[in-house]
Amino acid sequence: MGRRSRQTGTVVELVDNRDGSFDSDDPNGWFTVCVDHGGVCSHETRKLAESWLPVPAEWCPGCQDSEEEAS
Ligand SMILES: [Zn+2]
């Protein structure tokens, strides 16, 4: 389930990819996804992924663009 990031107002999701269903080429088991922009970032552990989830402007190009527009 997605949740709304307080940083950007976009919906972000934590994806468990330990079964390789999301992107079989990526060795990392966890992904953060910005649903609004389709930006994704892979992470080695769930703990890491959860730490990045609330700050999509750090890993989603779409969020970075809208942050620049806002400032
Ligand atoms: Zn985004």
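Leaving aside its neighbours within four places in sequence, A49 touches L14, W30, F31, T32 and H43, where contact means that the C-beta atoms of two residues, placed from the backbone, lie within 7 Å. The model is a predicted one, in which local features need pLDDT of at least 70, side-chain atom pairs count only at pLDDT 80 or more, and totals for chains, interfaces and linings use all residues. Residues are numbered from 1 along each chain as its sequence is written.

The confidence score pLDDT is the predictor's own, given for each residue from 0 to 100. Its average over the protein is 91, and 93% of the residues score at least 70. Confidence is highest in α1, at a mean of 97, and lowest in α2, at 86. Where pLDDT is low, the predicted coordinates should not be read in detail.

The protein has two helices and four strands, arranged along the sequence as β-β-β-β-α-α. These elements are DSSP runs numbered from the N terminus: helices are H or I with at least four residues, strands are E with at least two. The four strands form an open sheet in the order β1-β2-β3-β4, with antiparallel pairing; two strands pair if DSSP finds at least two bridges between them. β1 (3–4) and β4 (39–43) are at the edges with a single partner strand each, so one side of each has no neighbour in the sheet.

Strand β2 (residues 11–16) is joined to β3 (residues 30–34) by five bridges, and the two run antiparallel. Across this pair, L14 is opposite T32 and D16 is opposite W30. The hairpin of β3 and β4 has four residues between the strands, and in it G38 takes a positive phi near 75°.

Strand β3 is mostly covered, with four of its five residues buried. A residue counts as buried if 20 or more other C-beta atoms lie within 10 Å of its own, as exposed if 12 or fewer do, and as partly exposed in between, with C-beta atoms placed from the backbone. By this criterion 17% of the 71 residues are buried. The largest nonpolar core consists of eight residues: V12, W30, V33, C34, A49, L53, C60 and C63. Of these, three come from β3, the largest share. Such a core is a set of buried Ala, Val, Leu, Ile, Met, Phe, Trp, Tyr and Cys residues joined through C-beta atoms within 7 Å.

Which residue sits in the loop between α1 (46–52) and α2 (61–70)? P56 has its place there, and P56 is buried because 28 other C-beta atoms lie within 10 Å. Beyond its neighbours within four places in sequence, P56 is in contact with S5, Q7, T8, T10, V12, C34, G39 and C63. The C-alpha atoms of P56 and R6 are separated by 9.6 Å, with the two residues 50 apart along the chain.

For the protein as a whole, 34% of the contacts between residues at least 6 apart in sequence join residues at least 24 apart. The C-alpha atoms fill a box of roughly 40 × 20 × 20 Å along the principal axes.
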